[in-house]
Amino acid sequence: MLVCIVGVYIGNLLFGDNSFSVLLKINQKKAQMRQEVNRLMHENATLQKELFELKGLEPK
């Protein structure tokens, strides 16, 4: 009986909703999202620079 309980517990740790594989997927998604945020921040800075340059060329 104890072996079955331990087996189910270990199976749940490896393949369940709160498993190690889910943790790895979440960490991978977190890294992807950070890369996307950095890309978007760089793109935003580039677009802001372009906007300020265009505003500087407009007559007042």
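How many residues apart are Glu43 and Arg39 in helix H2? They sit four residues apart, about one turn of the helix. The legends below take this predicted model one close-up at a time.

**View 1. Glu43 pairs up with Arg39.** Here the two side chains form a salt bridge, and their closest N and O atoms are 3.1 Å apart. Both residues belong to helix H2. Glu43 is partly exposed, at 36% relative accessible area.

**View 2. Arg39 also meets Glu36.** This salt bridge has an N to O distance of 2.7 Å. Helix H2, which covers residues 20–57, holds both partners, and they are three residues apart, again about one turn of the helix. Glu36 is partly exposed, with a relative accessible area of 38%.

**View 3. A closer look at Arg39.**

View 4. Salt bridges with shared partners link Glu36, Arg39 and Glu43 into one network. As a general point, oppositely charged side chains can pair when their charged atoms come close. The whole structure has two salt bridges.

Note on methods:
Residues are numbered from 1 along each chain as its sequence is written. This is a predicted model: local features need pLDDT of at least 70, side-chain atom pairs count only at pLDDT 80 or more; totals for chains, interfaces and linings use all residues. Side-chain values use heavy atoms; hydrogens and water are left out. A salt bridge is a side-chain nitrogen of Lys or Arg within 4 Å of a carboxyl oxygen of Asp or Glu. Helices (H or I, at least four residues) and strands (E, at least two) are DSSP runs, numbered from the N terminus. Buried means under 20% relative accessible area, exposed over 50%, partly exposed in between (1.4 Å probe, protein chains only).
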